[in-house]
Amino acid sequence: MQIFDDYKDHADFLTVYVREAHPTDEWQMKSNVKDDVCYAQPRNLSDRLAIANDFIKRFKYPLPFGVDDMKNAANDAYAAWPERLYIIDENGKIAYRGGMGPFHYHPAEVRAWLATRYGEVKHPEVKTEEKKS
Amino acid sequence: MRNIFIWVGISLGALLVIAFVALSVMAGGPKDALYMVRYALPHMHRGNLRVGDSAPDARIYALDGAETFHIRERTGAKPLVVVFGSFT
C-alpha cells in the first residue's frame, strides 16, 4: 500500500477486518471464485481470525491489523461494511470520513488529506518501453 | 380515465425494468443486482459520523485472537488512518 509507505512516518495506520462482504453463503461474486477467495461468513471468532490471517499471508499485508469482534462493534460504530476509510486526528476527532465502498471508496482522498498536511510524495513516472523503429 | 391508469402502470413498469437493467449492469448481472438490493442497499445510509465528531471506540482483536486493544489506544500521537474491509 503506497500511501502507507509514503506517510507512515507522519501517520499511524490500522486495518480492521470486518464481516465478509461476499461470502459463499451470501453474496458471492464470480470474481471471488476466479481469485480463489471463497469463504463462508464466519460464525465465530476463530473462523474470522483464520480468514484474516489468510489475508495477511496471501498479500504479505504490511499494515497494523486487527479484527472486529463477533458483535461487529467496530463495524456498527463506523458503518464500516463492506469497506470504508477514516482518518482520526490527534484529538480523537473524525478528520476524514470516506464513503461506502466499493463505489465511494477513494484512497486518493486519504492521500490528499495527508498531502495537505505533510506535503505531497511524488513518485517517478514509470517509463514505457520506447517502440523500436 | 381507465386509459390513464393503464399508461401510468405501463410507465411505472417500464421504469422498474430500466432501473433493474441499470442495476444489473452496475452490479455485474441480474443475480448480483438482487443481492445488491438485499445486502448493500440497507447499508447505504447507515452511520451518522461526521467530520469533527469524536471517533467511537471499539475493542479489536489482535490476529492471534488472544490479545485485544482499543481503537482509541492507537490515536493521539499522530493522525490515525483506519482501513475497514474484509477478504472477499
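Mentor: A residue is buried if 20 or more other C-beta atoms, placed from the backbone, lie within 10 Å of its own, exposed if 12 or fewer do, and partly exposed in between. This is a predicted model, in which local features need pLDDT of at least 70 and side-chain atom pairs count only at pLDDT 80 or more, while totals for chains, interfaces and linings use all residues. Residues are numbered from 1 along each chain as its sequence is written, and chains are lettered from A and ligands numbered from 1 in the order in which they are written.

Although A:Asn72 is not a glycine, its phi is positive, at about 60 degrees. Most residues other than glycine have a negative phi, and most peptide bonds are trans.

Seven strands form an open sheet in the order β4(A)-β3(A)-β3(B)-β1(A)-β2(A)-β1(B)-β2(B), with mixed pairing (two strands pair if DSSP finds at least two bridges between them). At the edges stand β4 (94-97) of chain A and β2 (68-70) of chain B; each has a single partner strand, so one side of each is left without a neighbour in the sheet. From one strand to the next, the twist averages 30 degrees (axes are lines fitted to C-alpha atoms, for helices over the stretch in contact, and angles run from 0 to 180 degrees between N-to-C directions).

Two of the pairings deserve attention. Strand β2 (residues 65-68) of chain A runs antiparallel to β1(B) and is joined to β1(B) by two bridges. Here A:Val67 has B:Tyr61, in β1(B), as its bridge partner. A:Ile87 stands opposite A:Tyr96 of β4(A), and the bridge partner of A:Ile88 in β4(A) is A:Ile94. The hairpin of β3(A) and β4(A) has five residues between the strands, and A:Gly92 takes a positive phi near 80 degrees there.

A helix also belongs in this picture. Helix α3 (residues 45-59) of chain A lies across β1 (12-17) and β2 of chain A together with β1 of chain B, and runs at about 150 degrees to β2(A).

A cis peptide bond, with omega about -5 degrees, joins A:Trp81 to A:Pro82. A:Ala79 is found in the loop between α4 and β3 of chain A as well, and has a positive phi of about 45 degrees although it is not a glycine. Because A:Ala79 has 17 C-beta neighbours inside 10 Å, it counts as partly exposed. The loop between β4 and α5 of chain A contains A:Pro102, and the peptide bond from A:Gly101 to A:Pro102 is cis, with omega near -5 degrees. Just after α5(A), A:Gly119 takes a positive phi of about 95 degrees.

In total, 41 residues of chain B are in contact with 59 residues of chain A (two residues are in contact if their C-beta atoms, placed from the backbone, lie within 7 Å). On the side of chain B that touches chain A, the elements giving two or more residues are α2 (30-40), β1 (59-61) and β3 (80-85) of chain B. The largest share of that side, six residues, comes from β3(B). By class, the side of chain B that touches chain A has 22 nonpolar, 11 polar and eight charged residues (Ala, Val, Leu, Ile, Met, Phe, Trp, Tyr, Cys and Pro count as nonpolar, Asp, Glu, Lys and Arg as charged, and the others, Gly among them, as polar).

Notes:
Helix = DSSP H or I, 4+ residues; strand = E, 2+ residues; numbered from the N terminus.
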